Amino acid sequence: MDLDQMDTLVFAAKRKDSEALGTLCEHFYPRVYRFILHRVRRIEDAEDLASEVCVRVVESLSKQKGSFPAWVFRIARNLVTDTYRRGAVRKEVALSEKVADTMVGSDGSDGLPVLPHQLERALASLTPEQREVVHLRFEQGLSAAEIGQIQERSAGAVRALQFRAIETLRDTLAVTVGG
């Protein structure tokens, strides 16, 4: 779905078009589910929370401003944070094939493959904010500006956070893979 189609659907959904709202939910549910699953790791928790995000989107759509994807992921992020505060889920580091593929050979190294457990350990060395930026940027394909809206940071601050995260991953993987 391109941005023009999304804007048209959002406009229609705000005018109570249930078909447009359904299309938006169908499009974003899998992405939101994966985002949440990376943070909670239990399928049941991720399904429940992703469904709750859809409910919250429907309830507050009339107040939505700015980038729709950033707004949806901010709702998801806040919901997960609130759930953690209540102690309802256990946080674990997640591994994604897409992130692993992104990191293999990205530093011009000798081409040694990065194994999933090595990447998982490297991701665990990042701060929670860095892990979130890496996930939103490389898995969800959001821009620095959209991530900035989600994290309440400037796009420049997001790019700096992403740069530090990638450097940390490279350093950690250089020791793990090369050593």
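Helices α2 and α3 cross in a right-handed manner; in such a crossing the near helix is turned clockwise from the far one by less than a right angle. This is a predicted model, in which local features need pLDDT of at least 70, side-chain atom pairs count only at pLDDT 80 or more, and totals for chains, interfaces and linings use all residues. Residues are numbered from 1 along each chain as its sequence is written, and side-chain values use heavy atoms, without hydrogens and water.

Helix α2 spans residues 18-40 and α3 spans residues 43-60. Their axes, lines fitted to C-alpha atoms over the stretch in contact, come within 8 Å and cross at roughly 140 degrees. Angles run from 0 to 180 degrees between N-to-C directions. The pair is therefore oblique, the class left after under 35 degrees (roughly parallel), over 145 (roughly antiparallel) and 65 to 115 (roughly perpendicular).

Contact means heavy atoms within 4.5 Å. On the α2 side, the residues that meet α3 include Leu21, Tyr29 and Val40. Among their partners in α3 are Ile43, Leu49 and Val58.

Now the whole chain. It has 9 helices and 0 strands, taken from DSSP runs (H or I, at least four residues, for helices; E, at least two, for strands) numbered from the N terminus. Of its 179 residues, 43% count as buried, meaning under 20% relative accessible area with a 1.4 Å probe, protein chains only.

Leu126 sits in the loop between α6 and α7. Leu126 is buried because its relative accessibility is 4%. Beyond its neighbours within four places in sequence, Leu126 is in contact with Arg131, Val134, Ala165, Thr168 and Leu169.

How values were computed. Buried < 20%, exposed > 50% of the residue type's maximum accessible area, 1.4 Å probe, protein only.
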